[in-house]
Amino acid sequence: MRPHMLNVAPGRLPPGAIGHNRGVVKRNYAFMPPEGVLKSRLPAYDATVARFLAAPVLGAQFAQFVLEIAPGGGSNRTIAEAGVQHFFYVLSGTAVVRVDDARPSELTAGGFFYVPPGTGFSVKNAGEGEARLLGLRKRYEAIDLPAPELIVSHRDRVPRENPTGLEGRGFQFLLPFGDMRFDFEMNLMWFQTGACFPDVETHVMEHGLYMLRGQGLYFLGEDWHEIWADDFIWMGGFCPQQFYPTGFEEAEYLLYKNVNRDIAL
Ligand code: UGY
Ligand code: MN
């Protein structure tokens with residue numbers, strides 16, 4: 001019998017906290033189901049819980065986190081960090097973002113915004129229920145081009161593409177693909193059951209992967225992991241990776257990838 005089927009008294013937990021744990025942290029990847037990711041609170045936010053998923057302490061070169069903002073909550077000041085870019089994707093609820101002097105924008109699920117390095121912004125929950133945002137901070141790697149500009153948009157305004165030409169796969173590049181001003185991509189990737197990568201990938205780029213819907217089996221390093229919605233994976237450079245979607249629905253995840261820069265020696 002599975003633990004959740006046992007008749008357990010209120011206030012007690014079923015067995016299985018250890019035996020059914022899917023979380024793994026290795027040298028160059030981490031698999032994190034949400035139930036083990038505890039709450040942080042941050043000085044720049046009121047009525048907001050942050051759940052950190054990736055950070056330099058893990059081995060990642062960026063920070064990624066989920067913000068759970070209660071109605072009326074959100075940032076209590078303008079947030080600006082010299083040399084650091086921010087990206088947010090609304091998972092659920094309604095968020096109002098204000099960047100510098102621009103008009104505030106209201107974003108619902110699937111809305112996203114990119115804030116260039118050093119630019120000030122604030123984000124608040126304007127809805128009746130909780131707003132959940134996936135956030136990312138990355139130090140900008142400047143080159144001989146101007147830094148990118150602010151982007152506020154929604155996934156419905158981004159075309160679905162399939163550069164691989166392989167049946168049952170698709171991409172939405174939320175940031176302009178191939179624009180050398182950007183040093184990272186945020187890509188929605190969807191798969192029908194039966195699709196997979198043509199090979200096990202082993203590449204220098206890092207990933208932060210947030211599973212949005214569906215389920216599947218993820219190969220990391222030397223092991224397979226069962227994955228479903230709300231799970232997170234950090235993949236360091238050269239982590240072997242492959243995905244096989246399972247179940248009856250399309251699988252979809254949002255993937256961070258550092259790109260467009262030479263190797264720092
Ligand atoms: O583009 C990529 O690197 C992508 N195929 N990797 C991944 O989904 N793990
Ligand atoms: Mn990859």
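**Close-up views of a predicted model**

The lining of the largest cavity comprises five nonpolar residues, two polar residues and one charged residue. In these classes Ala, Val, Leu, Ile, Met, Phe, Trp, Tyr, Cys and Pro are nonpolar, Asp, Glu, Lys and Arg are charged, and the others, Gly among them, are polar. The model is predicted, and local features need pLDDT of at least 70, side-chain atom pairs count only at pLDDT 80 or more, and totals for chains, interfaces and linings use all residues. Residues are numbered from 1 along each chain as its sequence is written, chains are lettered from A and ligands numbered from 1 in the order in which they are written, and side-chain values use heavy atoms, with hydrogens and water left out.

View 1. A search of the whole structure gives one cavity of 30 Å³ or more, and the volume of the largest cavity is about 30 Å³. On a 1 Å grid over the protein atoms alone, a cavity is a set of points where a 1.4 Å probe fits but cannot get out, whereas a pocket is an open set with protein on both sides within 12 Å along at least five of seven lines; lining residues have an atom within 4 Å of a point. Points are joined across faces, edges and corners, and the volume is the space filled by probe spheres set on them. The cavity lining consists of Leu175, Pro176, Phe177, Gly178, Phe182, Phe184, Glu185 and Asn260. Asn260 lies in the segment after β19 and has a positive phi of about 65°, although it is not a glycine.

**View 2. The largest pocket.** This pocket holds about 540 Å³ of space. It is lined by 22 residues, of which Gln61, Glu141, Val204, Glu206 and Asn258 are the closest to its centre. Strands β10 (131-139) and β19 (251-258) each contribute at least two lining residues; strands (E, at least two residues) and helices (H or I, at least four) are DSSP runs numbered from the N terminus. By class, the lining has seven nonpolar, seven polar and eight charged residues.

**View 3. The surroundings of ligand 1.** Around ligand 1 are Met189, Phe197, Glu201, His203, His207, Tyr218, Gln241, Tyr253, Leu255 and Lys257, where a residue counts if one of its heavy atoms lies within 4 Å. A polar side-chain atom of Gln241 is 2.7 Å from a nitrogen atom of the ligand. Oxygen atoms of ligand 1 lie 3.2 Å from a polar side-chain atom of His203 and 2.9 Å from an N or O atom in the side chain of Lys257.

**View 4. Leu67 in strand β4.** Leu67 belongs to β4 (residues 63-75) and is buried, at 0% relative accessibility. Buried means under 20% relative accessible area, exposed over 50%, and partly exposed in between (1.4 Å probe, protein chains only). Leaving aside residues up to four places away in sequence, Leu67 touches Tyr45, Thr48, Val49, Ala50, Phe88, Ala131, Arg132 and Leu133; contact means heavy atoms within 4.5 Å.

**View 5. Asn28 in a loop.** Asn28 sits between β1 (24-25) and β2 (29-32) and is buried, with a relative accessible area of 13%. Its side chain reaches the backbone oxygen of Gly237 at 3.5 Å.

Note on methods:
A polar contact is a pair of N or O atoms within 3.5 Å; within protein, one must be able to donate a hydrogen and the other to accept it, and residues adjacent in sequence count only if both atoms are side-chain atoms.
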